[in-house]
Amino acid sequence: MHELSIMQALVDAVEAIVREHGARRVVRLVVEVGEMSNVIPMYLRNAFLAFREVKPFLAQAELEIRFVPLQLRCESCGFEFQPQGYRYRCVECGATQVRVVQGEELLLRDVELEVESDDPSWPVELPSHGAPRFCE
Ligand SMILES: [Zn+2]
C-alpha cells in the first residue's frame, strides 16, 4: 500500500504550508489523482484518516479527492482525446505517437487553512503604530 507513503509526503507538504502561514488548522485538502497514477483513492483516504488521528493540525480537516481522467495528445496532428481502453492511437489521424497531457499526476491542488485566531487572549496588545503582520 504505497498510498501511505504518498500521504506521508502530502502531509509533510501541508505541514510546511501550515507553518509558513502560521495557521491554526487545516480545513480542507484537495488532491488530484490521475487515472494512471496507480493510486487507489480509497487507500489514500484511509491513509489520510490515519494521519488525521496523529496530526493535530489535521484533526478536523476534510479530504477531497478529484479524479483526473487520462488525456492524450497526438504528436502528429495535435488532437487531444481520452483513450478508450488501452488503444493509445489518435482517433483523428490514427498516429500512434501520443503523449500524456494529464492523468498521471498526483497533486496537492489546494489547501484551505484557518488562519485567524479565535483565542480571546490574542492579540494581547497591538503596537500603537502600524498594522500587525500576519504573514512574513
Ligand atoms: Zn492525430
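Mentor: Start with the helices. The axes of H1 and H2 cross at roughly 55° and come within 9 Å. Keep in mind that this is a predicted model.

Trainee: Which residues of H1 and H2 meet?

Mentor: On the H1 side, they are Glu3, Leu4, Ile6, Met7 and Val11. On the H2 side, they are Tyr43, Leu44, Ala47, Phe48 and Phe51. Take Leu44. Leaving aside neighbours within four places in sequence, Leu44 is in contact with Glu3, Ile6, Met7, Val33, Val39 and Ile65.

Trainee: Which residues of the largest nonpolar core touch the most other members?

Mentor: Met7, Val14, Val26, Leu29 and Leu44 do, in a core of 16 residues. H1, S1 and helix H2 (41-54) each give two or more residues to this core. H1 gives the largest share, five residues.

Trainee: What about the strands? How do I read a sheet?

Mentor: Strands of a sheet pair through backbone hydrogen bonds, either parallel or antiparallel. Here, three strands form an open sheet in the order S4-S3-S5, with antiparallel pairing. Strand S4 (80-81) and strand S5 (98-102) are the edge strands, each pairing on one side only.

Trainee: How many bridges join S3 and S5?

Mentor: Four bridges, in the antiparallel sense, with S3 spanning residues 71-74. Look at Gln71: its bridge partner in S5 is Gln102.

Trainee: Where is Gly22 found? Is Gly22 buried or exposed?

Mentor: Gly22 is in the loop between helix H1 (3-21) and strand S1 (25-34). Gly22 has 12, so Gly22 is exposed. Now compare sequence with space. Gly22 and Glu114 are 92 residues apart in sequence, yet 9.3 Å apart in space, C-alpha to C-alpha.

Trainee: And the chain as a whole?

Mentor: Its secondary structure comes to two helices and six strands. Along the sequence, the pattern is α-β-α-β-β-β-β-β. Of the 136 residues in the chain, 15% are buried. Among contacts with a separation of 6 or more, 69% join residues 24 or more positions apart.

Notes:
Residues are numbered from 1 along each chain as its sequence is written. This is a predicted model: local features need pLDDT of at least 70, side-chain atom pairs count only at pLDDT 80 or more; totals for chains, interfaces and linings use all residues. A residue is buried if 20 or more other C-beta atoms lie within 10 Å of its own, exposed if 12 or fewer, and partly exposed in between; C-beta atoms are placed from the backbone. A nonpolar core is a set of buried Ala, Val, Leu, Ile, Met, Phe, Trp, Tyr and Cys residues joined through C-beta atoms within 7 Å. Two residues are in contact if their C-beta atoms, placed from the backbone, lie within 7 Å. Two strands pair if DSSP finds at least two bridges between them. Axes are lines fitted to C-alpha atoms, for helices over the stretch in contact, and angles run from 0 to 180 degrees between N-to-C directions.
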